[in-house]
Amino acid sequence: MLPWFNGPFCPLYLAPMAGVTDSVFRRLCKEQGADVMVSEFVSADGIIHRNERTREMIYFQPVERPLGIQLFGADPERMAVAAQAVVEWVEPDFIDLNFGCPVNKVVCKHGGSALLRDCPLLEKVASTVVRKLHPFPVTAKIRLGWDQASINALQTAKILEDAGVKTIAIHGRTKDQGYSGDADWDQIALVANTVSVPVIGNGDLRSVNDIARRIRETGVRGLMIGRAAMNNPWIFRQARAFLRSDIVVPDVSVQEKWDHILRHCRMAVAENQEEEFTMASMRGRLMAYSKGMRNGRELRSELQRVTKIEQLEQIRSRHLAQSEEDELAVEAA
Ligand SMILES: Cc1cc2nc3c(=O)[nH]c(=O)nc-3n(C[C@H](O)[C@H](O)[C@H](O)COP(=O)(O)O)c2cc1C
């Protein structure tokens, strides 16, 4: 059993998200109380070819532990060799196998969710990696199945359990759904209540209420939060306080949100050393943070053009002043 399942509380995972959950963001979520991290997915071939970008993707700092590196690929031997190399290079706490990615580039090479409709190959990939790394822990992340007509999460989970994986994270959608529709937590509950390894539930956890309800109703042993953390990394702190002590932590103020956004950008620039490039690559993150903020449309169009921290500081000052004026106007009315 992985040690973070031994405590009395359900561990909260930060979901792997390509282009989002880099080391900086993981550290920020860790500060807020996320328990377990998984890297964005990394290609087994990229590891084997020792390409530079892949090396950057598996970089992490000790404070992020426990952390797993997630691999995708469809060739059992190459996956095992890559997994072994990752363990030797960076010594993560576990290796996670991606059997859920719906992206065409991955699926057409038979990787990610393509393996959900090729259970013999999925079994081979999982058991080959588990054997190669033994006793080092291997975990897996799946979706419910390929499409609505072929939901097979239970079958897949049993195969993975028999192959020796230590936990199974389930995103409650099919490959065909992509990110549309709602995650089906009945299916997640069915698996959680059938297999013996811990099941980590994932999909549409947007609030502390969602989190508390899924723990109560489904039998999952851990929860994984993805997109909600992009807009609200404080969700971990709020969930932790509620689950552990019944304390309701209010949402952060707009001032605190801006302080966080600026800190995130400064950390990213410090890490990458290249301000304009980094700020351009942070725009998607800024869009996510700005969701739900006042004057959203105007704010987003400004954030789309940011190339320097200094510009962001100016936008922040204007936005805070505007928010204050709006509040005073509301009070006066
Ligand atoms: C931008 C983005 C990138 C993602 N990249 C990965 C990935 O690299 N590996 C993976 O297993 N899942 C990936 N996912 C899926 C998430 O881990 C998660 O399963 C999904 O977003 C559902 O959870 P949520 O509703 O909490 O966001 C990604 C999702 C998003 C939105």
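Which residues in helix 4 meet which residues in helix 6?

Analyst: The model is predicted, so local features need pLDDT of at least 70 and side-chain atom pairs count only at pLDDT 80 or more, while totals for chains, interfaces and linings use all residues. Residue numbers start from 1 along each chain as its sequence is written.

On the helix 4 side, the residues are Pro76, Glu77, Met79, Ala80, Ala83, Gln84 and Val87; on the helix 6 side, they are Lys124, Val125, Thr128, Val129, Lys132 and Leu133. Contact is taken as C-beta atoms, placed from the backbone, lying within 7 Å. By class, this contact has eight nonpolar, two polar and three charged residues (nonpolar: Ala, Val, Leu, Ile, Met, Phe, Trp, Tyr, Cys and Pro; charged: Asp, Glu, Lys and Arg; polar: the others, Gly among them). Helix 4 spans residues 76–90, and its axis comes within 8 Å of that of helix 6, crossing at roughly 35°. Axes are lines fitted to C-alpha atoms over the stretch in contact, and angles between N-to-C directions run from 0 to 180 degrees. Helices (H or I, at least four residues) and strands (E, at least two) are DSSP runs numbered from the N terminus. The crossing of helix 4 and helix 6 is right-handed, that is, the near helix is turned clockwise from the far one by less than a right angle.

Helix 6, residues 119–133, also packs against helix 7, residues 153–163, at an angle of about 25° with the axes 9 Å apart.

In the loop between helix 5 (104–107) and helix 6 lies His110, whose phi is near 80°, a positive value in a residue other than glycine. Pro135 lies in the loop between helix 6 and strand 6 (138–145), and the peptide bond that joins His134 and Pro135 is cis, with omega about 5°. Another cis peptide bond runs from Arg65 to Pro66, with omega near -5°; Pro66 lies in the loop between helix 3 (52–57) and strand 4 (67–72).

For the wider setting, the domain assignment, which is automatic or from a database, gives domain 1 (3–245) and domain 2 (254–332). The centres of the two domains, taken over C-alpha atoms, are 30 Å apart. Four residues from domain 1 and eight residues from domain 2 form their contact. On the domain 1 side, helix 1 (23–31) and helix 10 (227–231) are the elements that give two or more residues. That side has three nonpolar, one polar and no charged residues.

Note on methods: Two residues are in contact if their C-beta atoms, placed from the backbone, lie within 7 Å.
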